[in-house]
Amino acid sequence: MDMALMMPKVSIGSNGGTMPVIGMGTASLSSEAMLDAIRIGYRHFDSAFAYGSEQLLREAIAQALQLGLIKSRDELFITSKLWCSSAEKDLVVPAIMKSLDNLQVEYLDLFLIHWPLRISIHEIPVPNEGLHPMDIKSVWEGMEECQNLGLTKAIGVSNFSRKKLEELISIAKIPPAVNQVEMHPIWRQEKLVDFCKIKGIHVTAYSPFGAINTSKRNNQTVASNLVEEIAKAHDKTSAQVCLRWLYEQGVSMVPQSGNKERMKENLMIFDWALSGEELNRFSQLPQHKTHQASSFLGSHDLLLEIEEGI
């Protein structure tokens with residue numbers, strides 16, 4: 001079974017582009033794990049300048065081409081993201097050029113604004129004087145230039161609330177194709193997803209198990225009694241149940257795992273379905289957000305404002 005051919009695709013943007021519904025997150029993966037993912041059938045890779053994963057993905061792509069696992073880079077869907085230190089109009093094109101150089105590709109399939117803020121002091125955590133609101137209009141003009149120059153096929157955002165999206169939509173010549181946000185059964189994002197559907201913005205879920213990284217297997221979502229109960233009823237893993245729930249919400253997802261068996265399992269969600277009763281029980285779970293920007297950028301009023309609604 002060729003999992004790459006079996007993978008459903010979703011439409012993004014207004015130019016007829018498509019994206020595999022399941023991608024591989026790369027924030028803490030080795031190039032060997034990324035190569036394993038290509039071998040298993042993953043063709044969508046979610047990278048970012050801030051992850052430091054672009055060069056590792058480049059190595060995996062080069063090896064995949066050498067081994068004949070793919071015939072060309074065009075078989076892959078590659079996402080990268082504009083980091084906050086480059087969130088100024090004149091820095092956007094140089095930033096994507098740096099990402100393209102890191103990846104050794106001629107274009108991205110999707111380029112996202114990582115967070116709606118600007119950082120001027122490169123320290124973690126960021127001191128108060130180094131964190132600023134982002135000028136959405138001018139930065140988006142830089143993003144649009146990237147697409148117009150053919151450096152990326154589509155542009156979008158990450159961690160944007162409805163309020164931020166409304167501000168962006170009001171000035172955009174090219175509307176955002178994607179909004180990538182934390183989403184899982186106990187952070188369901190119903191209002192944001194509904195708004196994005198109305199506006200034609202596709203939602204991609206990161207942290208789809210509620211875990212910040214792959215080592216936290218005992219997190220509140222995967223260990224949820226309800227998820228485990230439903231997993232047993234379907235003879236599936238808890239992770240598969242979380243991913244199937246997301247798929248039934250009409251969103252794409254970028255789980256991350258360096259374990260080859262889990263990589264395979266995470267693709268096996270398309271030949272079964274959750275019942276109406278199970279979906280209703282999910283809708284009653286208490287909500288808990290696990291991914292907080294303040295945990296790595298520091299505690300700032302601006303971050304609290306940005307995180308409201310995502």
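## Exercises on a predicted model

Ser207 is found in the loop between strand S11 (202–206) and H8; helices (H or I, at least four residues) and strands (E, at least two) are DSSP runs, numbered from the N terminus. This is a predicted model, in which local features need pLDDT of at least 70 and side-chain atom pairs count only at pLDDT 80 or more, while totals for chains, interfaces and linings use all residues. Residues are numbered from 1 along each chain as its sequence is written, and side-chain values use heavy atoms, with hydrogens and water left out.

**Exercise 1.** Describe the backbone and the burial of Ser207, then do the corresponding work for Asn159.

*Solution.* 
- Step 1: Ser207 has a phi near 50 degrees, which is positive although the residue is not glycine.
- Step 2: The relative accessible area of Ser207 is 11%, so Ser207 is buried (buried means under 20% relative accessible area, exposed over 50%, partly exposed in between, with a 1.4 Å probe and protein chains only).
- Step 3: Asn159 sits in the loop between S9 and helix H6 (162–171).
- Step 4: For Asn159, phi is near 60 degrees, again a positive value in a residue other than glycine.
- Step 5: Asn159 counts as buried, at 3% relative accessibility.

**Exercise 2.** Give the strand order of the open sheet and identify its edges.

*Solution.* 
- Step 1: The sheet holds eight strands, in the order S3-S4-S5-S6-S9-S10-S11-S12, with parallel pairing; two strands pair if DSSP finds at least two bridges between them.
- Step 2: The edge positions belong to strand S3 (24–25) and strand S12 (252–253); each has a single partner strand, so one side of each is left without a neighbour in the sheet.

**Exercise 3.** Follow the pairing of S9 to S6 and to S10, and state whether the faces of S9 are covered or open.

*Solution.* 
- Step 1: Three bridges link strand S6 (residues 110–113) and S9 in the parallel sense.
- Step 2: In this pairing Ile113 stands opposite Val157 in S9.
- Step 3: Strand S9 (residues 155–158) also runs parallel to strand S10 (residues 178–182), and two bridges join them.
- Step 4: On the S10 side, Val157 has Asn179 as its bridge partner, and Ser158 has Gln180.
- Step 5: Both faces of S9 are covered, with Ile155 and Val157 buried on one side and Gly156 and Ser158 buried on the other.

**Exercise 4.** Which residues of helix H8 are buried, and how are they arranged around the axis?

*Solution.* 
- Step 1: In helix H8 (residues 225–234), Leu226, Val227, Ile230 and Ala231 are buried.
- Step 2: These residues cover an arc of only 135 degrees around the axis, so they lie on the same side of H8; the arc is that of the directions from the helix axis to the C-beta atoms.
- Step 3: Asn225, Lys232 and Ala233 are exposed on the other side of H8.
- Step 4: The cover over the buried residues of H8 includes helix H9 (238–248) and helix H11 (276–282).

**Exercise 5.** Describe how H5 and H6 pack.

*Solution.* 
- Step 1: Helix H5 (residues 136–148) and H6 pack at an angle of about 65 degrees, with their axes 10 Å apart; axes are lines fitted to C-alpha atoms, for helices over the stretch in contact, and angles run from 0 to 180 degrees between N-to-C directions.
- Step 2: Ile136, Lys137 and Trp140 of H5 make the contact with Lys164, Glu167, Leu168 and Ile171 of H6.

Key: Contact means heavy atoms within 4.5 Å.
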